[in-house]
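Here are my notes for a colleague who is opening this model for the first time. Please read them with the structure on screen.

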Amino acid sequence: MKLFDVYPLYDVNPTKAKNVFVYDKDGKEYLDLYGGHAVISIGHSHPDYIKNISSQLNKIGFYSNSVINPLQKELANSIESLSGCYNYRLFICNSGAESNENALKLASMHTGKKRVIAFKNSFHGRTSAAIAATDFRSFHSPLDQQQKVTFISLNDIYALENELKIGDVCAVLFESIQGYGGLDEPSEEFILSIEKMCKKYEACLIADEVQSGFGRSGKFFAFQKYNIEPHFICMGKGMGNGFPVGGVLIHPNIKAKYGMLGTTFGGNYLACSASITVLDVIKREKLQENAKIMGDYFVKKAKSISQVIRIKGRGLMLGLEFDFQVSDLRKKLIYDKKIFTGGSGNKNLLRILPPLTIQKTHFDKFFKALKELL
Ligand SMILES: Cc1ncc(COP(=O)(O)O)c(C=O)c1O
């Protein structure tokens, strides 16, 4: 049977990985500055990760959400203490899209309204409400277009208030650092205004931290650069270091009811074990701090490259913008220099999303290779 052919592939077949390196079937080493798309947080094949998931698998791998699973509570407590987001409630699911989908659904249930405000160049995942709130229309189906979503430009406070005034908006969904859209950030003034206006017009504020969360930005959540308290905080990617885990933190003002949400696999023992280990390692190895230090180092080095027209992002969610499309450069980095990088909706942007364990020598190697290719 053939695979449903939706992904253009690089001709690399990784069979092994360790920390910031991936090895192909012939044993060739690749430096991973892509983190499997911002997923690898604590490094590939971290020994604690292997040990804890294997030991959990030897006890029990799966049952259902109809019985007590103390690991779910342990995960909630760990997220609370590391993030400093106190008193939120945790709902565990399996991916970033699901996390946004559940937050949007809860916002609609809570407010009794159904229009969503999202932003130009946003990306929120492939499920129906999440993709409808994604500003890449070629990914939409007619089914998704039934959702009511209005896209406004980042930092357009006037447009935001005009839309919210109408009174039918259940949620404003935003990324503090846009991912696929190309690493643009709303201004502090705009973020504070969104929160204020959501309160005024009784809409929910949803922070999509699927890519920027779990330490990647140098803060636990990227929105924590600002003094705001979203109704929902959506997580995924780095939460499981490759194990499929997503989650939503839900403000205590939003009350749970039996049957409101549900999932078969979400919060299973292996997923919880993976994510608890990720949090342990982030804390013990000070990876959030490392993301900040390494991000600053990267920016400093990038400033010496004359072909770079803009440096974007923060922490280890970074981008280099050129005045040409980067797809050939990415190919040369992979095939000639054995370095993985990422692309984005902005075709001129090279994205850098490494494991949070990255060190200066790895970035030195990247900049040497980049200079040679440019
Ligand atoms: C900001 C953001 N939200 C949501 C998603 C969707 O996550 P997933 O692919 O796990 O469904 C992504 C994935 O790239 C993302 O970057």
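**Notes on the model**

1. Start with the ligand. Helix H4, residues 96-111, supplies the largest share of the shell around the ligand, namely three residues. Keep in mind that this is a predicted model. In total, 14 residues surround the ligand. The closest are Gly-96, Ala-97, Gly-125, Gly-179 and Val-210.

2. Next, the seven-stranded sheet. It is open, and its strands follow the order E4-E10-E9-E8-E7-E5-E6. The pairing is mixed. Strand E4 (89-93) and strand E6 (148-152) are the edge strands, and each of them pairs on one side only. From one strand to the next, the twist averages 20°.

3. Look at the E6 end of this sheet. Strand E5, residues 115-119, pairs with E6 in the parallel sense. Five bridges join the two strands. For a landmark, find Ala-118, which stands opposite Phe-151 in E6.

4. Now find helix H7, residues 188-200. Which strands does helix H7 lie across? They are strand E7 (169-174) and strand E8 (204-208). Relative to E8, helix H7 runs at about 145°.

5. Helix H7 also has a helical partner. The axes of helix H6 (residues 157-165) and H7 come within 11 Å. They cross at roughly 10°. Angles under 35 degrees count as roughly parallel, and H6 and H7 are therefore roughly parallel to each other. The crossing in which H6 passes H7 is right-handed.

6. Check the side chains at this contact. From H6 come Ile-157, Leu-160, Glu-161 and Leu-164. From H7 come Phe-190, Ser-193, Ile-194 and Met-197. The residues of the contact of H6 with H7 divide into six nonpolar, one polar and one charged.

7. Helix H2 covers residues 47-59, and helix H8 covers residues 269-284. Their axes come within 9 Å and cross at roughly 155°. Are H2 and H8 roughly parallel or roughly antiparallel to each other? Angles over 145 degrees count as roughly antiparallel, and H2 and H8 are therefore roughly antiparallel. Their crossing is right-handed.

8. The contact between H2 and H8 can be traced by residue. On the H2 side are Asp-48, Tyr-49, Asn-52, Ile-53, Gln-56 and Leu-57. They meet Tyr-269, Leu-270, Ser-273, Ala-274, Thr-277, Asp-280 and Val-281 in H8. Seven residues of the contact of H2 with H8 are nonpolar, four are polar and two are charged.

9. Finally, turn to the three-stranded sheet. It is open, with the order E11-E12-E14 and antiparallel pairing. The edge strands are E11 (310-314) and E14 (349-352), each pairing on one side only. Here the twist averages 15° from one strand to the next.

10. Strand E12, residues 317-321, pairs with E14 in the antiparallel sense over four bridges. Leu-320 stands opposite Leu-350 in E14.

Conventions. Residues are numbered from 1 along each chain as its sequence is written. This is a predicted model: local features need pLDDT of at least 70, side-chain atom pairs count only at pLDDT 80 or more; totals for chains, interfaces and linings use all residues. Two strands pair if DSSP finds at least two bridges between them. Axes are lines fitted to C-alpha atoms, for helices over the stretch in contact, and angles run from 0 to 180 degrees between N-to-C directions. Two residues are in contact if their C-beta atoms, placed from the backbone, lie within 7 Å. A residue is near a molecule or strand if its C-beta atom, placed from the backbone, lies within 6 Å of it. Angles under 35 degrees count as roughly parallel, over 145 as roughly antiparallel, 65 to 115 as roughly perpendicular and the rest as oblique. A crossing is left-handed if the near helix is turned anticlockwise from the far one by less than a right angle, and right-handed if clockwise. Ala, Val, Leu, Ile, Met, Phe, Trp, Tyr, Cys and Pro count as nonpolar, Asp, Glu, Lys and Arg as charged, and the others, Gly among them, as polar.
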